[in-house]
Amino acid sequence: MLDVSELVTTYGKIEALKGVSLHVAGGKITCLLGPNGAGKTTLMMTIAGILRPRRGSIKLEGAELVGLSPAKIVSRGIALVPENRLVFPEMSVRENLLAGAYQRRDKSEIAADMERMYARFPQLKERREQLAGTLSGGEQQMLAVARALMSRPRVLLMDEPSLGLAPLIVAEIFDIVAALNRDGTTMLLVEQNAHMALKVAHQFFLMEQGRVTFQGTPGQLAEDEVIQRAYLGTRRAG
Amino acid sequence: MDLLDLIDAAQSVADGLLFGSTYALLGIGFTLIFGVMHKINLSYAAASIGAAYGSLLLLSGFTAAPAVIVFMAAALCGGVIGALVYFIGFKFIPVANPLATLMSTVGLLLLIDEIIVHTTEGVPLAYPALYSDVVVRLGQFMLRGDLMFVFVLGCACMVLFLLLLYRTRLGIATRAVSQQPIASQLCGISILQVNVLTFVVTGMLGGIAGAMSGAAIGMLSPLLAQPLTVKGLIVTVIGGLGSIPGAIIAGLIVGALESLFQFLRGVTERDLYIMMLLFAFLVFRPGGIFAKAPGRD
């Protein structure tokens with residue numbers, strides 16, 4: 001569904017992405033693992049159009065996205081839940097969701113989607129008129145996911161949704177990820193929490209220093225000794 | 001100080017409050033541009049006076065245009081000048097360089113000033129003072145019709161502006177960009193569109209504020225640009241950079257105190273005390289009237 005090929009993104013002279021290629025299959029959860037500084041967030045920001053790549057292509061069902069503005073990319077059907085959530089702190093929960101639907105004009109459908117979000121995230125319903133900056137971290141993460149869904153994306157990108165959250169909340173977020181996928185949402189998920197990711201993802205890519213160094217299914221990932229040591233911690237080195 | 005002096009003092013505070021709505025509008029303009037772009041537009045007050053001149057130019061064919069038309073013409077000119085200021089002074093300057101836009105807006109301030117001086121040869125022009133013959137008496141007080149008109153118009157503009165900002169889709173986009181520019185792009189909001197819109201809307205407010213000061217004073221002079229710039233910036237700082245309710249309240253306070261100090265100490269000392277007020281705020285409450293409690297990220 002989403003094909004990234006030979007993508008190069010630079011910050012000044014530093015290449016953060018050194019020719020990344022990956023494929024996100026429709027209806028599946030694809031997970032991107034990798035240490036800090038591997039270029040995962042850079043990749044997400046490049047797909048969303050916030051960063052411009054030097055070379056390479058990003059195709060959504062065959063249509064090129066490179067060169068489009070972030071707004072155009074949203075209208076093509078890609079939504080990113082950014083790292084650190086980035087909710088609008090001084091807008092209410094309801095206004096955050098409305099901002100997520102900014103490109104849509106179908107008022108009654110927007111209202112219906114909003115009710116769907118409140119049904120899926122009951123905490124948000126309780127706090128619909130509260131300023132987003134006063135929500136807890138977990139609630140803000142849910143709001144960020146709901147806001148992204150308000151644009152009715154075909155592919156949902158999520159950048160470390162578990163970052164800085166308590167284990168119980170992380171489990172809740174992953175339940176939501178699995179539930180969204182069951183409802184047919186295609187997802188590309190960046191995660192450092194490999195244990196949680198193994199439970200939900202269908203396909204894995206490992207990124208290190210701006211390159212994809214491994215790809216495979218959860219089974220293959222769990223069997224790979226190097227990955228076990230580095231990301232799952234099940235066997236001790238040496 | 002006897003009773004009559006007290007009444008006179010209260011009278012000047014009332015006059016100042018009414019004229020303060022002009023400062024409030026200018027404060028809103030400065031503060032909104034700062035909120036959205038995190039940059040100061042120093043040419044704003046000069047552009048507002050420019051817009052008031054523009055309305056005279058637009059209506060030069062008509063002998064006595066009704067008040068509504070005069071102010072609409074000023075708003076129109078303000079919007080156009082606002083868009084020009086954005087494209088000349090901001091659009092092509094790197095986002096990460098606030099100092100560069102500060103300098104470019106100083107340049108625009110001087111440019112607008114010079115254009116006014118050269119086209120009018122520096123001679124003040126009469127501006128239609130509206131309802132100046134109306135005087136409302138309330139016991140010992142009298143409220144000048146022209147100042148009341150300015151005040152009511154200023155309040156109406158503020159209400160319309162707040163509705164635009166807090167009740168419309170464009171208002172949500174504007175606040176989204178000012179609070180979290182990256183996330184607003186991820187929501188499909190175009191920052192360029194919001195920036196242009198911000199300059200056009202604040203330009204319109206500025207045009208009305210310029211026309212309001214012209215109407216309250218009864219004339220337009222290029223010499224108005226500098227004090228309005230200073231007062232607008234003071235109002236913005238006292239209100240708290242980026243706070244719209246703060247700008248409104250601070251505008252009224254500065255207007256009232258300015259008039260009171262003028263009554264107590266004379267026109268030459270008046271601005272000294274306003275500067276001291278600014279100084280007191282910078283020392284004791286640098287976040288402005290409505291300094292925010294720090295929230296989560």
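## How chain A meets chain B

Between chain A and chain B there is 1 salt bridge, a term for a side-chain nitrogen of Lys or Arg within 4 Å of a carboxyl oxygen of Asp or Glu. Its partners are B:Arg175 and A:Glu95, whose side chains come together at 2.8 Å, N to O. Please keep in mind that this is a predicted model, in which local features need pLDDT of at least 70 and side-chain atom pairs count only at pLDDT 80 or more, while totals for chains, interfaces and linings use all residues. Residues are numbered from 1 along each chain as its sequence is written, chains are lettered from A in the order in which they are written, and side-chain values use heavy atoms, with hydrogens and water left out.

Polar contacts come next. Chain A and chain B share 5 residue pairs in polar contact, both residues at pLDDT 80 or more; such a contact is a pair of N or O atoms within 3.5 Å, where within protein one must be able to donate a hydrogen and the other to accept it, and residues adjacent in sequence count only if both atoms are side-chain atoms.

On chain A, the elements giving two or more residues to the side that touches chain B are α2 (70–76), α3 (93–100) and α6 (137–149). Of these, α3(A) gives the most, with 4 residues. Helices here are DSSP runs (H or I, at least four residues), numbered from the N terminus.

The two chains bury about 2300 Å² between them, 60% of it on carbon and sulfur atoms. Buried area is the accessible area (1.4 Å probe) that two parts lose on being put together, summed over both. A:Phe88, A:Glu90 and A:Tyr102 supply 30% of the area that chain A buries against chain B, more than any other three residues.

Now for chain B itself. B:Leu58, B:Leu76, B:Val80, B:Leu84 and B:Ile88 make a nonpolar surface patch of about 490 Å²; its residues have over 30% relative accessible area and no salt bridge, with nonpolar side chains joined within 5 Å. Helix α3 of chain B (residues 67–89) gives the largest share of this patch, 4 residues, and B:Leu76 sits in that helix.

| Residue | Helix | Contacts | C-alpha distance |
|---|---|---|---|
| B:Phe281 | α11 (residues 267–284) | B:Ile238, B:Pro286, B:Gly288, B:Ile289 | 28 Å to B:Thr174 |

Notes:
Patches are made of residues with over 30% relative accessible area and no salt bridge: like charges are joined within 9 Å, nonpolar side chains (Val, Leu, Ile, Met, Phe, Trp, Tyr) within 5 Å. Accessible areas come from the Shrake-Rupley method with a 1.4 Å probe; for residues, only the protein chains shown count as cover. Contact means heavy atoms within 4.5 Å.
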